[in-house]
Amino acid sequence: MKHLPYFCRGEVVRGFGRGSKELGIPTANFSEEVVDSFPSDISTGIYYGWASVANGDVHKMVLSIGWNPYYKNVKKSVETHIIHTFKEDFYGEILSIIIVGYIRPEKNFDSLDALIAAIRGDIEEAETALDLPEHQKLKEDNFFQMTNVSSMANGH
Ligand code: ADP
Ligand code: RBF
Ligand code: MG
């Protein structure tokens with residue numbers, strides 16, 4: 001798929017405030033500037049990859065790019081669910097991600113339960129795919145070692 005792997009870094013901002021509460025699946029939202037910096041022709045939909053918060057450990061993640069048809073959003077969002085249990089929220093921290101693979105397009109659902117079931121399926125698919133050797137290499141990528149702004153200019 002065009003644009004993959006895609007490297008991205010930015011601050012975690014407050015989103016719509018319904019991720020963890022309603023779904024039990026918190027999603028770290030990127031700021032509008034980061035969302036607008038994405039290639040305009042990158043497909044909306046659900047992806048998997050690697051994520052690190054504030055220079056911490058690298059974890060598996062699933063990512064949603066798009067308009068969340070279930071909630072009829074007008075503004076495009078980029079939301080990362082990290083497959084890891086964190087002790088605390090990390091609003092304001094820098095989130096680094098590598099988007100590795102595409103799972104499916106965004107869909108509308110008849111119920112919240114159906115949306116949650118679909119996301120659970122995405123997480124399973126991500127868990128399996130990211131165990132492949134070719135994806136393990138990206139987990140070790142230098143991108144996760146360089147976190148200050150000047151190194152970003154030299155890197156990806
Ligand atoms: P919001 O609508 O503000 O994005 P969410 O309910 O989606 O709220 O929760 C997202 C927040 O939860 C993140 O910004 C982060 O601070 C926190 N969080 C805790 N654990 C995770 C996780 N595993 N993945 C993503 N965010 C998490
Ligand atoms: N929203 C949708 O409306 N349709 C989807 O198919 C959809 N798939 C998602 C898949 C994943 C892995 C994640 C993390 C989110 C997905 N969402 C989807 C977004 C979800 O609606 C959003 O996280 C909540 O609205 C919280 O902001
Ligand atoms: Mg969120």
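Which residue places a backbone N or O atom 2.7 Å from a nitrogen atom of ligand 2? In this predicted model, in which local features need pLDDT of at least 70, side-chain atom pairs count only at pLDDT 80 or more, and totals for chains, interfaces and linings use all residues, that residue is K107. Residues are numbered from 1 along each chain as its sequence is written, ligands are numbered from 1 in the order in which they are written, and side-chain values use heavy atoms, with hydrogens and water left out.

Two further polar contacts (pairs of N or O atoms within 3.5 Å) involve oxygen atoms of ligand 2: a polar side-chain atom of E79 lies at 2.7 Å, and a side-chain N or O atom of R104 at 2.8 Å. Taken alone, ligand 2 exposes 540 Å², of which the protein buries 99% (Shrake-Rupley method, 1.4 Å probe). The shell around ligand 2 holds 19 residues, each with a heavy atom within 4 Å of the ligand, and divides into nine nonpolar, four polar and six charged residues.

Among the elements that supply at least two shell residues are α1 (19-23) and β4 (58-66), but α3 (112-129) gives the most, with three. Helix α3 comprises 18 residues and reaches 26 Å from its first C-alpha to its last, close to the 26 Å expected at 1.5 Å a residue. Its buried residues (under 20% relative accessible area) include L115, I119, D122 and A126; seen down the axis of α3, the buried residues fall within an arc of 160°, so they line one face of the helix. On the other side, D113, E124 and T128 are exposed (over 50%).

Methods: A polar contact is a pair of N or O atoms within 3.5 Å; within protein, one must be able to donate a hydrogen and the other to accept it, and residues adjacent in sequence count only if both atoms are side-chain atoms. Helices (H or I, at least four residues) and strands (E, at least two) are DSSP runs, numbered from the N terminus. Ala, Val, Leu, Ile, Met, Phe, Trp, Tyr, Cys and Pro count as nonpolar, Asp, Glu, Lys and Arg as charged, and the others, Gly among them, as polar. The expected span of a helix is 1.5 Å times one less than its number of residues. Buried means under 20% relative accessible area, exposed over 50%, partly exposed in between (1.4 Å probe, protein chains only). The arc is that of the directions from the helix axis to the C-beta atoms.
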